[in-house]
Amino acid sequence: MSVRGTYKGVRFRSLMELSFMLMKEREGRVVGDTLQYEIIRIKYRLSPKGRERTYVVDFFDAVTLVAYEVKPRRRRNTKTNLAKARAAEETLLAEGIEYRIVDEGSIPPLSRRDAEKIPGVVITRRRRRKS
């Protein structure tokens with residue numbers, strides 16, 4: 001189960017996303033302002049005649065005009081994620097926005113224990129499903 005929560009009021013769905021926010025903040029971005037979460041939506045299809053779906057890109061850096069998808073390496077090459085990436089690259093390029101997929105190779109590791117010590121981080125406690 002991934003760790004979810006908020007940082008300075010901005011939602012994250014994994015420790016990798018939180019770590020990415022912290023990394024960009026150290027580069028001078030302001031979370032929720034110059035680094036925005038899930039504001040870009042892209043239409044895509046898994047096949048040419050498949051139903052239209054919507055992909056929400058994780059982050060947008062308003063300073064560098066780069067959209068970022070935070071994705072573990074093991075999930076980058078699934079059929080769905082490849083279709084999302086193709087659609088994002090085509091759509092965003094036309095808008096003058098670069099698209100990058102970042103993974104654990106470029107994002108510092110962060111443990112739940114360390115995340116809980118960071119001021120502004122609120123970990124969401126999810127209820128367990130009843131059996």
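**Packing and backbone**

Author: Contact means heavy atoms within 4.5 Å. Leaving aside neighbours within four places in sequence, M21 is in contact with Y7, V10, R11, F12, V31, L35 and F59. This is a predicted model, in which local features need pLDDT of at least 70, side-chain atom pairs count only at pLDDT 80 or more, and totals for chains, interfaces and linings use all residues. Residues are numbered from 1 along each chain as its sequence is written, and side-chain values use heavy atoms, with hydrogens and water left out.

Reader: Which residues does the second, separate core include?

Author: A nonpolar core is a set of buried Ala, Val, Leu, Ile, Met, Phe, Trp, Tyr and Cys residues joined through side-chain atoms within 4.5 Å. Buried means under 20% relative accessible area, exposed over 50%, and partly exposed in between (1.4 Å probe, protein chains only). The second, separate core has 14 residues, among them Y55, A85, L92 and Y99.

Reader: Why does I42 count as buried, and what does I42 touch?

Author: I42 counts as buried because its relative accessibility is 0%. Not counting residues up to four places away in sequence, I42 touches R53, T54, Y55, V57, A87, A88, T91 and L92. The C-alpha atoms of I42 and R53 are separated by 8.3 Å, and the two residues lie 11 residues apart along the chain.

Reader: What is the phi of L65, and is L65 buried or partly exposed?

Author: L65 has a positive phi of about 55 degrees although it is not a glycine. With a relative accessible area of 40%, L65 is partly exposed. K8, also not a glycine, has a positive phi of about 55 degrees.
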